[in-house]
Amino acid sequence: MIRRQFLVEASLLGLAGGVLGVGLGLAGAALLPHFTSARVIVSVPVLVGAIAIAVAIGVLFGVYPASRAARLAPIDALRSE
C-alpha cells in the first residue's frame, strides 16, 4: 500500500513536471520567431515522448524511496523524509 502511494506520487509529480516543461517549451517556441528569423516546428510525438520520459524518471527515482518506505511502519513512512 505505501509503495503504491509513493509510486503514484512520484509518477504524478513527473507528469506535472513534464506537462509544465512542455508548456514552457511551447511558449518558448511561440515567442522565438518574434525575436529571431528562426522557424520553430513542434512535433506532437516529441511532446508526448517528453512527458513519458518525465513520468518514467519520476517512477525510476521513486522506486528506491518507495521500497524503503514499504519496509517501515505506515506512520513512520509518511513522517520521514
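## Ground rules

Helices here are DSSP runs of H or I with at least four residues, while strands are E runs of at least two, and both are numbered from the N terminus. By that definition, Val19 lies in helix α1.

What you're looking at is a predicted model, where local features need pLDDT of at least 70, side-chain atom pairs count only at pLDDT 80 or more, and totals for chains, interfaces and linings use all residues. Residues are numbered from 1 along each chain as its sequence is written, and side-chain values use heavy atoms, with hydrogens and water left out.

## How confident is the model?

The score to know is pLDDT, the predictor's confidence in each residue, from 0 to 100. The chain has a mean pLDDT of 88, and 95% of its residues reach 70 or more. Helix α1 gets the highest confidence, at 91, while helix α3 (residues 74–79) gets the lowest, at a mean of 72.

## Ser11 and its neighbours

Let's start with Ser11, which sits in helix α1 (residues 2–35). Its side chain reaches the backbone oxygen of Val8 at 2.9 Å.

Which residues does Ser11 contact, once you leave aside its neighbours within four places in sequence? Val55 and Val59, where contact means heavy atoms within 4.5 Å. Ala56 is another one to find: Ala56 and Ser11 are 45 residues apart in sequence, but their C-alpha atoms are 7.4 Å apart in space.

## Along helix α2

Helix α2 covers residues 44–70, and Ala56 is part of it. Ala56 has a relative accessible area of 44%, so it is partly exposed. Ala50 is at 37%, so it is partly exposed. Val59 is at 31%, so it counts as partly exposed as well.

Now for some distances between C-alpha atoms. Ala50 and Leu20 are 30 residues apart along the chain and separated by 11 Å. Val59 and Ala27 are 32 residues apart in sequence and 27 Å apart in space.

## A nonpolar patch

Val8, Leu12, Leu15 and Val19 make a nonpolar surface patch of about 330 Å². Val8 lies in helix α1. Is Val8 buried or partly exposed? Val8 has a relative accessible area of 41%, so it is partly exposed. Val19 is at 48%, so it also counts as partly exposed.

The areas come from the Shrake-Rupley method with a 1.4 Å probe, and for residues only the protein chains shown count as cover.

Methods: Buried means under 20% relative accessible area, exposed over 50%, partly exposed in between (1.4 Å probe, protein chains only). A polar contact is a pair of N or O atoms within 3.5 Å; within protein, one must be able to donate a hydrogen and the other to accept it, and residues adjacent in sequence count only if both atoms are side-chain atoms. Patches are made of residues with over 30% relative accessible area and no salt bridge: like charges are joined within 9 Å, nonpolar side chains (Val, Leu, Ile, Met, Phe, Trp, Tyr) within 5 Å. A salt bridge is a side-chain nitrogen of Lys or Arg within 4 Å of a carboxyl oxygen of Asp or Glu.
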